[in-house]
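Thanks for making the time this morning. I would like to walk through one structure with you, and I ask that you keep the display in view while I talk.

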Amino acid sequence: MKEKEIKFQTTQTEIYRPLYHFSPKNGWMNDPNGLIYIEGEYHLFFQHYPDSTVWGPMHWGHATSKDLIHWEEQPIALYPDSLGYIFSGSAVYDSSNSSGLGTSETPPIVAIFTYHDMEGERSGASDYQKQGIAYSLDKGKTWEKYEGNPVLPNQGVRDFRDPKVRKMTQADGTESWVMTLAAKDQVQFYRSLDLKNWSLLGEFGKGVGAHGGVWECPDLLSMKAPDGTDKWVLLVSINPGGPQKGSATQYFIGDFQDGQFVPDDTMIRWLDYGPDNYAGVTWSNLPEEQNRTLFIGWMSNWLYAQVVPTSSWRSSLTLPRILELVDINGTLLLKSKPASELINLRKETYSISKNESELPGIATEIQASVNSEDQFNITFYNELGEELAINKENGLVTIDRSKAGKGSFHEDFNAMHSAPMSWKAEEIRIFLDASSVELFVNEGELVLTSLVFPSSPWSRMKINFGLNDLVVYSLQD
């Protein structure tokens, strides 16, 4: 069968604006917040400063989607107030109205977030972060802050933030809320029956894991190991101290009971070995039939997030991903694979048999198998001679953006980023957008996410060695 000829199609868009990753219409964005699913809609809240493209007084921006692909930005959900800026947090559906903030007929959605008192920080105080709540009775459209805020005052820790709350059932069948909270370079666990009164259960992290910076945005996940064993996974973002400098997310696998997290080992594990996946958390209230743990992260790095070369907006989010435990030669790891909905982005399919080919456009997915040598190299080019290389050699998977375009805005940007992979790479998926590349090896057993700012879009690729059965998809914007 004759192969279809690929002709590169440019898309009219603001330079570097992603075509299928979420980005705010205007202003600054960082951490995803308050991820919750309500009656057929995925709600995404996010750290947002609408009046500038650099970090400032934090709001909760808001967007919704029915398919995790097409996002509609909504009015700002939470504004700063006299208690402070609105920092990161989570949202839960209080179906039994345990908080008393709704009714049995109209249960509330409750957002739990960190108040950041900027004047307190400037004055040198140590108690400028505390936890507050807000509630919505109209499926997240509008929000009312609780008049009794803060619900969890500062406990004498300067960095005391990013509450992630989940409902848990105790051994006696009673239900309660458990908050996982970042406290400087540790995690604290709190319990509440009503989302308003909290008591400390336990702490984790002293002398365990990576400690090159402040711990942030924790998330406690209940998961099944491949052998059916019940496990708990604790996500903890850290800045700085990541494997590629700056920001990154580590995770721990173990057991959680009565407020105590006990890791299986002290191994340092990274969710994503690229430089640009940070502060990611998971959706709450997913329907049981989905049977998945759904995650999204901020696609940037605090090293250079405020100086990347975009104009009216700054930052985008990663692709939505499904987290699963996988056994690699007797070691449990957390894989991070593209959400199944992303297949619906595919607009046209091209089978590639030659070593060099055009790309169909800015928004592209590439899928290929890796040959028995367990080594590969694929490079993307534009007409200006810039290049982006992805390879596996000598047990290292690498994304090399050192010649991939603009990078003078920060000394650490133009670099190679590698990850150790001692096991065999069998297949890869690569997602290209206007200013990013996401590499998934073996459906997410190893992941690297990287921003790139080519002076003009990638228009062709060359398979130097190691890849077979190459398929290219043009993706809908």
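**Backbone and core**

P240 sits in the loop between β14 and β15 (248-257), and the peptide bond that joins N239 to P240 is cis, with omega about -10°. Please bear in mind throughout that this is a predicted model. There is another cis peptide bond, from N149 to P150, with omega near 0°, and P150 is found in the loop between β8 (144-145) and β9 (160-169). I point these out because most peptide bonds are trans.

N285, which is not a glycine, has a positive phi near 65°, and N285 lies in the loop between β18 (278-282) and β19 (293-298). Is N285 buried or exposed, or something in between? With a relative accessibility of 37%, N285 counts as partly exposed.

D469 is also a residue other than glycine with a positive phi, in this case about 50°, but the place of D469 is in strand β34. Because its relative accessibility is 62%, and the cut-off for exposed is over 50%, D469 counts as exposed.

Which residues have the most contacts inside the largest nonpolar core? They are F380 and I430, in a core of 69 residues. Strand β14 (residues 230-239) supplies the largest share of this core, namely 6 residues.

If we then look at the surroundings of I430, and leave aside residues up to four places away in sequence, I430 touches T364, E365, I366, I378, F380, I390, V437, E438 and L439. Besides this core there is a second, separate one of 29 residues, which includes Y49, M58, L68 and C217.

I will stop there and take any comments.

Definitions and conventions. Residues numbered from 1 in each chain as written. Predicted model: local features only at pLDDT ≥ 70, side-chain atom pairs only at ≥ 80, totals over all residues. Heavy atoms only, no water. Core = buried A, V, L, I, M, F, W, Y, C linked by side-chain atoms within 4.5 Å. Buried < 20%, exposed > 50% of the residue type's maximum accessible area, 1.4 Å probe, protein only. Helix = DSSP H or I, 4+ residues; strand = E, 2+ residues; numbered from the N terminus. Contact = heavy atoms within 4.5 Å.
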